[in-house]
Structures are given as C-alpha cells and as structure tokens.
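Thanks for coming. Please have the model open as I talk.

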Amino acid sequence: MGGTLMSALEKLIGILDNILEKVGRVVEWLVVPLTLLLVYEVITRRIFNTPHIWTVTVATQIYALHFLLYSPTALLKGAHVRVDILYQKMTPRQKAILDAITYPVMLIIPSLILVREGHKYAAMAWARKQVTQSLDRIPLYPIKTVIPIAFGLLFLAGLSEFLKRIVYLKKGDA
C-alpha cells in the first residue's frame, strides 16, 4: 500500500473516531436523567407510597438508549469484555492479525445485517405505532429506531478498529 493510501486510511480512521467520540460524549450524559428518574421513583415509592409504572419503563428505555449508543465508543476505548485467555499472551502483531480476521467476521458483517434487520423491526414498530403492554402505553417505536442507528455506529467503530489493525500491520512491514 502506498503512502497516499495509508494517509487516506489514517484520515478516515480519525474522522470515524472523532464522530464516535462526539456521539459518546453526548450519550454518556444519559446517565444523569436515568439516575434522577430512578431516585424519583425510589422517593415516591418508599416515602410517599405512590409507585409509578411509567418510571420503570422509561428508565429501561433510557438505559437501552445509553447501552446501544455508547457501545461503539466503548469499542474504541477497549472497554468491551474480551476473553483474554489466549489474547493476552499474543504479541501486538499477532493481536493485530487476529483482530483483522475477527472484526469483519464477528462485528462488521453482523453489524450490517443488524442494521438491515433493525430497520425492518423499527419500521414495523412505527407502522403499528407500537406501545408497551402495560397500562401506561408508552411508545416503543422511538427506542426501536435506535437499534439500526446503534448498529450503524457499531459498524463504523468496527471498521475504524479494523483499519487501525491494517495500518499497524502495513507499517510494521515497512
């Protein structure tokens, strides 16, 4: 690979990482309303003896939103759980080779499939105006819309990590 292509790949990696870092910085703030909502529920339930069905549903949706949208940023930061039994004993080059093989198979391709399937799932929820089955009838279609978006972002994170391994391996050969 020529220097121009490597430079273009490094620029693309920088752009992808920048986008995902910005998304992560916004999404991490979802912990604040989630915490406030749960504190509100505990106070109203324990002190005033007036529990609310909607708080658990909304808290679950906020947590799902946080989990789904922060996963790509967590991947960039190396915060995902990994089975390190063999990986920790590998050299950096061996790790890069393993990652270059597994990222496309285990993350990039499945993410694209889940974007497609998640889009169908969200479209069906919107068409039906799907709501929770509880008495509060909170809409589910907005949170289901996040599924294909989150897997699209996870695809971008996986692509970035894959390209980083390719650049590392190529520079190591130079």
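Contact, in what follows, means heavy atoms within 4.5 Å. Helices (H or I, at least four residues) and strands (E, at least two) are DSSP runs, numbered from the N terminus.

Some ground rules. This is a predicted model, where local features need pLDDT of at least 70 and side-chain atom pairs count only at pLDDT 80 or more, while totals for chains, interfaces and linings use all residues. Residues are numbered from 1 along each chain as its sequence is written, and side-chain values use heavy atoms, with hydrogens and water left out.

Start with α1 and α3. Two packed helices are described by the angle between their axes and the distance between the axes. Axes are lines fitted to C-alpha atoms, for helices over the stretch in contact, and angles run from 0 to 180 degrees between N-to-C directions. Helix α1 covers residues 3–27, and its axis comes within 9 Å of that of α3, crossing at roughly 140°. That makes α1 oblique to α3 (under 35 degrees is roughly parallel, over 145 roughly antiparallel, 65 to 115 roughly perpendicular, and the rest oblique). On the α1 side the contact has D17, L20, V23, G24 and V27, which meet L65, H66, L69, Y70, P72, T73 and L76 in α3. These residues divide into eight nonpolar, three polar and one charged. Here Ala, Val, Leu, Ile, Met, Phe, Trp, Tyr, Cys and Pro count as nonpolar, Asp, Glu, Lys and Arg as charged, and the others, Gly among them, as polar.

Next, α2 (residues 31–46) and α3 (residues 53–76): their axes come within 10 Å and cross at roughly 160°. α2 is therefore roughly antiparallel to α3. From α2, V31, L34, L37, L38, Y40 and E41 meet W54, T55, V58, A59, I62, Y63 and H66 in α3. By class, that contact has 10 nonpolar residues, two polar and one charged.

Now the pocket. Which residues lie nearest the centre of the largest pocket? They are L75, V81, R82, T102 and Y103, out of 22 lining residues. α5 gives the largest share of that lining, nine residues.

Last, F155, which is found in helix α6. Leaving out residues up to four places away in sequence, F155 touches I108, S111 and L112. F155 and I108 are 47 residues apart in sequence, yet 5.3 Å apart in space, C-alpha to C-alpha.One note on the word pocket: on a 1 Å grid over the protein atoms alone, a cavity is a set of points where a 1.4 Å probe fits but cannot get out, and a pocket is an open set with protein on both sides within 12 Å along at least five of seven lines; lining residues have an atom within 4 Å of a point.
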